[in-house]
Amino acid sequence: LSSWVTPHVTPCGGWVGVRCDPYHRVVSLNLSGFNCFGWLDDSELGTLRPLPLKVLDLSGNGFMGFVNLTRMPASLRVLSLSRNPRLTGPVDLTGLPPQLEVLDLGQCKFYGTVNLTSLPASLRSLRLSSNLFTGSIMLYMLPSGLQLLDLSNNAFLGYLSIDSLPWELTHADLSLNVLFWEVGEDAAGMDLTYLDLSGNPYNEVFNGSLFPSALQDLRLSSCYLKGELDLSSFPPLLTHLDLSGNVLSSTSGLNMTR
């Protein structure tokens with residue numbers, strides 16, 4: 001980052017990726033996709049803690065190390081560390097900044113169990129996809145205002161009733177985990193427009209009419225679905241339906257296995 005080492009150029013006077021408020025305080029650091037490399041640890045991230053940062057986006061780089069999310073500035077609204085495949089270690093989600101709205105840790109190498117019961121009430125978007133997370137999770141404890149949830153491609157365990165998810169949720173990708181799921185009788189009124197449960201075993205007698213009526217994209221490949229299926233029972237706004245890798249037949253005579 002040549003602008004950072006140019007003589008007589010201050011952070012608020014021209015540093016790339018830096019945005020300041022009218023009082024010349026750094027409020028946004030966005031280095032997404034800048035091909036940066038280096039070690040991130042408590043000492044490095046601790047230098048940011050006194051700043052009134054609202055946005056910290058280090059996604060799409062080559063950072064490495066163990067990250068302590070409880071050391072982040074308390075003023076953060078957006079935190080993205082995604083697509084840094086050398087970031088690793090366990091993650092503590094119980095001490096996040098209290099006003100955080102977006103958390104993206106996707107496509108790293110974080111591992112261990114995660115506690116989703118104490119997330120900030122302000123959280124609107126949560127991405128933990130394509131890591132090495134394991135253990136049971138309680139999805140019914142998510143913040144009520146959450147709108148986007150991506151936990152795909154981990155090894156989470158548990159039982160899920162779709163109607164226990166936050167009702168303001170519009171996008172949910174829970175694919176490629178081990179979540180035994182059912183729809184629930186109250187799901188029809190939810191705001192979900194995208195739902196991917198592929199690779200998670202279904203837990204009840206399948207009934208397409210129970211899904212949220214707002215659904216436009218539903219992906220249920222390899223969910224161990226069996227039996228006869230009435231395609232007319234699915235939500236009326238549905239434009240994409242993936243039932244591949246199951247053993248289904250439809251009432252219209254179509255073969256639903258492919």
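Trainee: In what order do the strands of the open sheet with parallel pairing stand?
Mentor: There are 7 strands, and the order is β3-β5-β7-β9-β11-β13-β15. This is a predicted model, where local features need pLDDT of at least 70, side-chain atom pairs count only at pLDDT 80 or more, and totals for chains, interfaces and linings use all residues. Residues are numbered from 1 along each chain as its sequence is written, and side-chain values use heavy atoms, with hydrogens and water left out.

Trainee: What makes β3 and β15 edge strands?
Mentor: Pairing takes at least two DSSP bridges between two strands. A strand itself is a DSSP run of E with at least two residues; a helix is a run of H or I with at least four, and both are numbered from the N terminus. β3 (37-39) and β15 each pair on one side only, and that puts them at the edges.

Trainee: How many degrees does the twist average in this sheet?
Mentor: From one strand to the next, the average is 20 degrees. Axes are lines fitted to C-alpha atoms (for helices, over the stretch in contact), and angles run from 0 to 180 degrees between N-to-C directions.

Trainee: How do you know that β5 and β7 pair?
Mentor: Count the bridges. β5 (residues 62-66) and β7 (residues 86-89) share 3 bridges in the parallel sense. The rule asks for at least two, so they pair. One example is Gly65, whose bridge partner in β7 is Leu87.

Trainee: What is the pairing in the open sheet of 11 strands?
Mentor: The pairing is mixed, and the order is β1-β2-β4-β6-β8-β10-β12-β14-β16-β17-β19.

Trainee: In which direction do β1 and β2 run?
Mentor: They run antiparallel, joined by 3 bridges. Cys20 stands opposite Val26 in β2. Their hairpin has 5 residues between the strands, and His24 takes a positive phi near 65 degrees. On to the next neighbour: β2 (residues 26-30) pairs with β4 (residues 55-57) in the parallel sense, again over 3 bridges. There, Asn30 has Asp57 as its bridge partner.

Trainee: Why is β2 called largely enclosed?
Mentor: Buried means under 20% relative accessible area, exposed means over 50%, and partly exposed lies in between (1.4 Å probe, protein chains only). In β2, 4 of the 5 residues are buried, so the rest of the structure largely encloses this strand. Across the protein chain's 258 residues, 47% count as buried.

Trainee: Which residues touch the most other members of the largest nonpolar core?
Mentor: Leu69, Leu93, Leu116, Leu139, Trp181, Phe211 and Leu220 do, in a core of 68 residues. Such a core is a set of buried Ala, Val, Leu, Ile, Met, Phe, Trp, Tyr and Cys residues, joined through side-chain atoms within 4.5 Å. β2, β13 (155-161) and β15 (178-182) each supply at least two of its residues. In soluble globular proteins, nonpolar side chains tend to be buried together.

Trainee: Which residues does Trp181 touch?
Mentor: Contact means heavy atoms within 4.5 Å. Leaving out residues up to four places away in sequence, the list includes Leu160, Pro201, Phe211, Leu220 and Cys223.

Trainee: What makes Cys12 and Cys20 a disulfide?
Mentor: The cut-off is a pair of cysteine sulfur atoms within 2.5 Å. Theirs are 2.0 Å apart, so the pair qualifies. The count comes to 1 disulfide by this rule.

Trainee: Why is the disulfide of Cys12 and Cys20 called left-handed?
Mentor: The torsion about its S-S bond is about -90 degrees, so left-handed is the label. Cys108 is in no disulfide; the nearest cysteine sulfur belongs to Cys36, 15 Å away.

Trainee: Is Cys12 buried, partly exposed or exposed?
Mentor: Cys12 has a relative accessible area of 32%, so it is partly exposed. Cys20 has 22%, so it too counts as partly exposed. Cys108, at 1%, is buried. Cys223, at 0%, also counts as buried.
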